[in-house]
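User: I would like to learn how to read a fold from its contacts. Where do we begin?

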Amino acid sequence: MAGADGEILIETQDLERAYRTVQRVVFALRGVSIKVRAGELLCVVGPSGSGKTTLLNLIGTLDMPGNGRVLLCGRDTGDLSAGEIAHLRCMGIGQVFQDLNLLDDLSARRNVELPMLIAGATSAQAGERAEKLLKEAGLDRTGDRPAAELSCGQRQRVAIARALANEPRIILADEPTGNLDQSAGRQIVNLLAELAARRNCAVVAATHDPQMVDAAGTTAFLRNGLIERTCRRDELSITVGAVK
Ligand SMILES: Nc1ncnc2c1ncn2[C@@H]1O[C@H](COP(=O)(O)OP(=O)(O)OP(=O)(O)O)[C@@H](O)[C@H]1O
Ligand SMILES: [Mg+2]
């Protein structure tokens, strides 16, 4: 079961988030409501500063809304204990951060193994799966190198492989193709689309990449902390550019 019939795995209700500093208050989200079902890939697009990262961090339970609610798999995350949140984050949510947040001194493979080891996998199980995930993300021979020594695009792929380590049903990806060329980007787009379609995950991708929007069932346009409009794929006309 997928798409329109799938269970709602992500729901936000009137999410508001303001950042308050001594000098100013920035209203980053001003009432954002979305639903993402199992089997769906939702793109969030919008200008820099429109609130995409803020939204993903709230859904990912890394941040708390000023007002509004985040429900994951039908449960209000505001009602969960710290232990339940930690378990959800380890097993249920895979997050690709805009600034990646890799552990630079560890090898690419170790970065991917870590969430599995924390979840109780044996070293052999984690190693085998990390190898497979790195390959799926397009990294074949760089697994042993420290993350710090990899290119931006290679690091991005490690972050994507790591997010998928414990087979989460909720995947939050912040500009996951931002550092990749068109062909490498296409591979990641296909991977995320396939996770939604075949593995019944709910995927939210903040993106500027037309390829990603092309693959998504729905796209939400965020501006100044509000969703301006939401379009199904068939309501959009997209041209993925090429240099000839
Ligand atoms: N820690 C913070 N303290 C103060 N203001 C913040 C903080 N984080 C984000 N903001 C502000 O909140 C707004 C939304 O930021 P956010 O990072 O969510 O935007 P974004 O859409 O992800 O942008 P980009 O496309 O550049 O990644 C911006 O105006 C930003 O300056
Ligand atoms: Mg951002």
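Analyst: Begin with one residue and its contacts. Beyond its neighbours within four places in sequence, V204 is in contact with I10, V36, L42, V44, L56, I59 and L172. Keep in mind that this is a predicted model.

User: Which residues of the largest nonpolar core touch the most other members?

Analyst: The general idea comes first. In soluble globular proteins, nonpolar side chains tend to be buried together. Here the largest nonpolar core has 64 residues. V44, I170, I171, L192, V203, V204 and A205 touch the most other members. Helix 6, residues 182-199, supplies the largest share of this core, with six residues.

User: How do I check the length of helix 6?

Analyst: Compare the expected span with the distance between the end C-alpha atoms. At 1.5 Å a residue, the 18 residues of helix 6 should span 26 Å. The end C-alpha atoms of helix 6 are 25 Å apart, which agrees. After helix 6 comes N200, with a positive phi near 65°.

User: Why is strand 7 described as largely enclosed by the rest of the structure?

Analyst: Count burial, then look at each face. Five of the five residues of strand 7 are buried, so strand 7 is largely enclosed. I170, L172 and D174 are buried on one side. I171 and A173 are buried on the other.

User: Which strands pair with strand 7?

Analyst: Look for bridges and their sense. Strand 6, residues 93-96, pairs with strand 7 in the parallel sense over four bridges. There, G94 has I171 of strand 7 as its bridge partner. Strand 7 and strand 8 also run parallel, joined by five bridges. D174 has A206 of strand 8 as its bridge partner.

User: How many residues surround ligand 1, and which are closest?

Analyst: Read a shell by its members, their elements and their classes. Ligand 1 is surrounded by 13 residues, the closest being Y19, A28, S48, T53 and T54. Strand 2 (25-37) and helix 1 (52-59) are the elements that give two or more residues. Helix 1 gives the most, with three. By class, the shell has three nonpolar, nine polar and one charged residues.

Note on methods: Residues numbered from 1 in each chain as written. Chains lettered and ligands numbered in written order. Predicted model: local features only at pLDDT ≥ 70, side-chain atom pairs only at ≥ 80, totals over all residues. Near = placed C-beta within 6 Å. Nonpolar A, V, L, I, M, F, W, Y, C, P; charged D, E, K, R; others polar. Core = buried A, V, L, I, M, F, W, Y, C linked by C-beta atoms within 7 Å. Buried ≥ 20, exposed ≤ 12 C-beta atoms within 10 Å, placed from the backbone. Contact = placed C-beta atoms within 7 Å. Expected span 1.5 Å × (residues − 1). Pairing = 2+ DSSP bridges.
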